[in-house]
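This briefing goes with the sequence and model shown below. Please keep both at hand while reading.

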Amino acid sequence: MSIVLRILLIVVSVFAGMYAVREIRKSQMKIENAIFWFVLAVVLIILSIFPGIVTWAAATIGVESPVNLIYLIMIFLLFYKAFSLSVKVAQLEHKVNILTAENAMADKKLRELDNEK
């Protein structure tokens, strides 16, 4: 792994960690979500400091280049995160639909009670 990529990974990881802390302080990110980004940043820093781990893993798995392995891992992690967020959005949409229906029914009952008076 080239020194430029190693430095880039460290810098980006530090900025990602700082950004996550900033978003938590502004109450715009849940701690559960920030943990994912912190762990990812720490792993990238470790892999940047000890590139032998990536070289060994690439050789073991059969990936042509250690950099390609890092990109592959990042792609898989981001696909996982996108999928989990899609599931969460679907769950929240379902809850919104249920709450909207319950609200409509409550409004109808209130209007019926007002009409009875």
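Predicted model: local features only at pLDDT ≥ 70, side-chain atom pairs only at ≥ 80, totals over all residues.

Residues are numbered from 1 along each chain as its sequence is written, and side-chain values use heavy atoms, with hydrogens and water left out. The protein chain has four helices and zero strands, and its elements run α-α-α-α from the N terminus on. Helices (H or I, at least four residues) and strands (E, at least two) are DSSP runs, numbered from the N terminus.

**Overall form**

- The radius of gyration of the protein chain is 23 Å, whereas a compact globule of 117 residues would have one near 13 Å. The radius is taken over C-alpha atoms, and the globule rule is 2.2 Å times the number of residues to the power 0.38.
- The C-alpha trace of the protein chain spans about 80 × 35 × 15 Å along its principal axes.
- Of the 117 residues, 20% count as buried. Buried means under 20% relative accessible area, exposed means over 50%, and partly exposed lies in between (1.4 Å probe, protein chains only).
- Among contacts in the protein chain with a separation of 6 or more, 56% come from residues 24 or more positions apart. Contact means heavy atoms within 4.5 Å.

**Helix pair α2 and α4**

- The axes of helix α2 (residues 31–49) and helix α4 (residues 66–116) come within 13 Å and cross at roughly 175°. That makes α2 roughly antiparallel to α4.
- Axes are lines fitted to C-alpha atoms, for helices over the stretch in contact, and angles run from 0 to 180 degrees between N-to-C directions. Angles under 35 degrees count as roughly parallel, over 145 as roughly antiparallel, 65 to 115 as roughly perpendicular and the rest as oblique.
- On the α2 side, N33, F36, W37, L40 and L44 meet I70, M74, L77, L78, Y80 and K81 of α4. The residues of this contact divide into nine nonpolar, one polar and one charged.
- Ala, Val, Leu, Ile, Met, Phe, Trp, Tyr, Cys and Pro count as nonpolar, Asp, Glu, Lys and Arg as charged, and the others, Gly among them, as polar.

**Helix pair α2 and α3**

- Helices α2 and α3 pack with their axes 4 Å apart, at an angle of about 90°. The two are therefore roughly perpendicular to each other.
- I46, L47, S48 and I49 in α2 meet P51, I53 and V54 in α3. This contact of α2 with α3 has six nonpolar residues, one polar and no charged.

**Single residues**

- E23 lies in helix α1 (residues 3–25) and counts as buried at 7% relative accessibility. Leaving out residues up to four places away in sequence, E23 touches Q28 and M29.
- I31 lies in helix α2 and is exposed, with a relative accessible area of 53%. The C-alpha atoms of I31 and V21, ten residues apart along the chain, are separated by 9.2 Å.
- V63 lies in the loop between α3 (51–61) and α4. Not counting residues up to four places away in sequence, V63 touches A58, N68 and L69.
- The C-alpha atoms of V63 and L5 are separated by 18 Å, and the two residues are 58 residues apart along the chain.
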